[in-house]
Amino acid sequence: MLWTLALLLAILPPGSQTSSSLEGRMMSITRPIGSTGVITCDFVDERNYIHWYQIKERKAPQHLLYYDFFSSKTMVDSGLNPAKYHAYEGADRRYKLVVRNLEESDSGTYYCAAWDQHSPAY
């Protein structure tokens with residue numbers, strides 16, 4: 001039997017007191033186990049760091065990584081496999097989260113958030 005899983009994206013408000021120009025949009029993708037999922041997040045305001053979180057029902061958000069806009073580097077959180085997660089900036093300030101070799105445990109809601117610092121905001 002071929003199992004699939006769903007990844008859902010939502011957008012958190014930015015981590016500063018300034019007004020936001022986020023395009024709030026939800027998307028849902030379903031991919032087979034073992035494949036790669038790509039989730040897109042759109043930001044209009046220029047921010048230094050794009051953070052990605054995974055949320056599972058009845059659990060606290062898990063910070064996965066952040067993307068450093070200026071150096072174009074992905075910094076995966078300690079304890080997570082850097083070969084599994086990658087982030088990058090696509091065209092028109094569209095940021096992408098790539099999750100490779102999907103497993104059932106990757107099912108959940110994924111959030112992106114723009115912060116002016118690299119430390120995750122909880």
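How many bridges join S5 to strand S6, and in which sense do the two strands run? Four bridges join S5 to strand S6 (residues 73–76), and the two run antiparallel; two strands pair if DSSP finds at least two bridges between them. The notes below start from the whole chain and then return to this and other places.

1. Basis. This is a predicted model, in which local features need pLDDT of at least 70, side-chain atom pairs count only at pLDDT 80 or more, and totals for chains, interfaces and linings use all residues. Residues are numbered from 1 along each chain as its sequence is written, and side-chain values use heavy atoms, with hydrogens and water left out.

2. Overall make-up. The protein has zero helices and nine strands, and the pattern along the sequence is β-β-β-β-β-β-β-β-β. Helices (H or I, at least four residues) and strands (E, at least two) are DSSP runs, numbered from the N terminus. Of contacts between residues at least 6 apart in sequence, 58% join residues at least 24 apart; contact means heavy atoms within 4.5 Å.

3. Burial and surface. The protein has 122 residues, and buried residues make up 40% of them. Buried means under 20% relative accessible area, exposed over 50%, and partly exposed in between (1.4 Å probe, protein chains only). The protein exposes about 6,800 Å², with carbon and sulfur atoms supplying 51% of it; these areas come from the Shrake-Rupley method with a 1.4 Å probe, and for residues only the protein chains shown count as cover.

4. Strand S8 and its partners. S8 is mostly covered, with five of its six residues buried. S3 pairs with S8 in the antiparallel sense over six bridges, and Val 38 has Val 98 in S8 as its bridge partner. S7 also pairs with S8 in the antiparallel sense, over five bridges; here Ala 87 has Leu 97 in S8 as its bridge partner.

5. Two hairpins. The hairpin of S7 and S8 has four residues between the strands, and Asp 92 takes a positive phi near 55 degrees in it. The hairpin of S5 and S6 also has four residues between the strands, and there Ser 72 takes a positive phi near 60 degrees.

6. Nonpolar core. The largest nonpolar core has 20 residues, of which Phe 43, Ile 50, Trp 52, Leu 65, Tyr 95 and Leu 97 touch the most other members. Strand S2 (27–32), strand S3 (37–42), S4, S5, strand S7 (85–89), S8 and strand S9 (108–115) each supply at least two residues of this core. A nonpolar core is a set of buried Ala, Val, Leu, Ile, Met, Phe, Trp, Tyr and Cys residues joined through side-chain atoms within 4.5 Å.

7. Aromatic pairs. A search of the whole structure finds three aromatic pairs. In one of them, Tyr 67 and Tyr 95 are tilted, at 5.8 Å centre to centre with 55 degrees between the planes. This pair links distant parts of the chain, with Tyr 67 in strand S5 (residues 62–68) and Tyr 95 in strand S8 (residues 94–99), 28 residues apart. Tyr 67 is buried at a relative accessible area of 4%, and Tyr 95 is buried at 1% relative accessibility. The rings of Phe 69 and Phe 70 have centres 5.2 Å apart and planes at 80 degrees, so this pair is edge-to-face. Phe 69 is buried at 17% relative accessibility, whereas Phe 70 is exposed at 56%. Rings of Phe, Tyr and Trp (its six-membered ring) pair if their centres lie within 6.5 Å; planes under 30 degrees apart count as stacked, over 60 as edge-to-face and the rest as tilted.

8. Gln 54. Gln 54 lies in strand S4 (residues 49–55) and is buried, with a relative accessible area of 6%. A polar atom of its side chain lies 3.2 Å from the backbone oxygen of Asp 106. Not counting residues up to four places away in sequence, Gln 54 touches residues including Ala 60, Pro 61, Leu 64, Ser 105, Asp 106 and Tyr 110.

Technical notes:
Polar contact = N/O pair within 3.5 Å; in protein donor to acceptor, adjacent residues only side chain to side chain.
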